[in-house]
Structure formats: C-alpha cells, structure tokens
Amino acid sequence: MILIHSQLLYLFHHYMSVNQNLIDAICILDLPRVRALLLRNGTYAMQDPASFIKKLESVFLQLKANGDDSLLAFPGACNSKICDNTGCPGYLFIAVHSDLSFNLIFEDAQCATQCMDFKEHGIAVPRGESLSLNPSIFREPEPVAQSGLEYLLLCGRCKEASQDLLQFHDRVIDKHYYFSWLEKYQVLFERIKGHHKKDPIRDFRDLYTLMSDLRRYIGLSDDAAKAVSAFPGPNAPVDALKQWCLTYEELWGELFLCDFEGMNGKSPEQSKPFKLDGLQIAPCDFIHVIRFNHLYLDSIGNVAEPEEIAV
C-alpha cells in the first residue's frame, strides 16, 4: 500500500512539474520547449499535438508582431455550469505589452483545451482581445437531434448562451461585450449552425450570426477609414468620384448592409444606439463604417446623375 501511494505521489508531482514547465515555456513564447513537453498521444485545444503546435506558433507570431516577448500566467478554472470541464484548473495567459490573451485548462496529463468560460482565481484580471487556439477549420457538424434528451439539453445550453448576452438589454453595449460572447460560444455555434427548426437552438444561431456580422463590419473599420481619407470630396470631378467608387466597390459590397436605425451618416459621432434583437448597440465602434457608407451612397448618386442627363 505504501509503495502504491508513493508511486501515485511520484506521478502526481511529475505531472504537476510537466504542467509548470509547459506553462513557463508558453510564458516566454518558447515553441521548441513547448513541443518537447507535449505528450505524443495527448490532445490540445481539440487537436493532436502537431496541429496544436502549428496553431500555437501562429499565435506566438501574432504576439511578437504586436511587440510581445513574454506572457503573464494567472491560475483559474472552468467556470461553466454546463461544460464537462467544470472546475478543471488552468491558466489565463496575458501578453505583457499588447494585453492579448488566451487560456488553457488541463483536464489530465494528456489533455488540455481552451475554455470559453474561464475565470481566474481572486480578483478579475483586465485583459485585451482574446486569441483562439481552437481549430480554424471545423469538421462538418453532425445533424442536431430533433427530439430526445440530447435535443432538450442542447436547447437548454443555447437558451442559456443567448441569455448570457441578452441580459444586457437594459444598457448600451459596445464590441467588448459581444466579441467576448462570440469567442465564448464559438464551439457551440459550430455545433448547431445548420439547425433550422424554430426553437431556442435557432434563436441562438440567429443571434450569434447577427453578432458575427457586427464583428465583421467592425473588422473592416480600418479599411473604411482609409477609404474616407481617400475620398476626393463631394465637389470633385465626376471621373474622380467614379474612380473612387470603383476602387472601393468591393468594400461597399461588404458594408452596405451595416445600415441601422439611429446611424447618422452626415455626423457619425451623433449616431444613436441602434436596437438589434432587443439589444442596444453602441454606434461608436462603427464611426468609420457609417461615414464610408454615407459617402459611397452619395457618390454613386452624383456619378449616376450626369450619366442620366447625358442620355
């Protein structure tokens, strides 16, 4: 009995030391050391070690491109009420320079995964944009059962996921609210995105898709700002306006649906919060998009008028 206890104790300390070494290696962005510490038959962020290393490499490169050479690690655990990993320990990693972050929880010595509802121990740690270590390409989801226990459980998860965002209906929310929500429930959405039956699953799917569209529009804000800076002016020659419209035609195709009640194209800063699915969305994240859409629509009209007159 003493011998068995000693062996278990040895294995426990060995596992903990491997984890600590792995955490230390991640904190200094030491990819070769991380590779050496990963178990050959383990799974990491729903991937085999080789795929995980490749994804981690892209994350390290992104961090270094943002001026980071080290991370801080904060212990915590999965805080979800509906996840199989509830209570599993892990770490939140935050970049020292850029504040970019990601987390990993450790289910056992051969498995680590990213948590969508991670909570660090003690005081909440401020963090920046979350980086995903999950596979960027998901396998085709299996059809969602239309009845039975699995269906009821999935309905419950989707209803809870929707409420996790809709609880903020009484306040104006900016991108930080729904960006973190989208990251948190990405895996769940991939599971049900092909579901069409009218139920809580589809309600969540539609809400997720809507918020994803907002994230995509915001992601094009820098391009919109450049287009606005390149605008030749409302009184510019027709040829100059036409060339500007042609140059940014593809961008317009991506952004023209970003047009909601309350947006003020002439004075974007005076736009009012717009309502979507009961939520109040802050317009401040869409300033450049609002301005670009207004200029493009006006310019198309100015370009078309002389052509109509000429006819």
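Leaving out neighbours within four places in sequence, Phe 286 is in contact (heavy atoms within 4.5 Å) with Tyr 178, Leu 214, Tyr 217, Ile 218, Cys 258, Met 263, Phe 274 and Ile 281. A quick note on the ground rules: this is a predicted model, where local features need pLDDT of at least 70, side-chain atom pairs count only at pLDDT 80 or more, and totals for chains, interfaces and linings use all residues. Residues are numbered from 1 along each chain as its sequence is written, and side-chain values use heavy atoms, with hydrogens and water left out.

Phe 286 also turns up with Phe 204 and Leu 214 as the residues with the most contacts inside the largest nonpolar core, which has 47 residues. Such a core is a set of buried Ala, Val, Leu, Ile, Met, Phe, Trp, Tyr and Cys residues joined through side-chain atoms within 4.5 Å; buried means under 20% relative accessible area (1.4 Å probe, protein chains only). A second, separate core of 24 residues includes Phe 52, Ile 53, Leu 56 and Leu 131.

Now the rings. The whole structure holds 20 aromatic pairs, meaning rings of Phe, Tyr and Trp (its six-membered ring) with centres within 6.5 Å; planes under 30 degrees apart are stacked, over 60 edge-to-face, and the rest tilted.

Trp 244 and Tyr 248 are both buried.

Technical notes. Buried means under 20% relative accessible area, exposed over 50%, partly exposed in between (1.4 Å probe, protein chains only).
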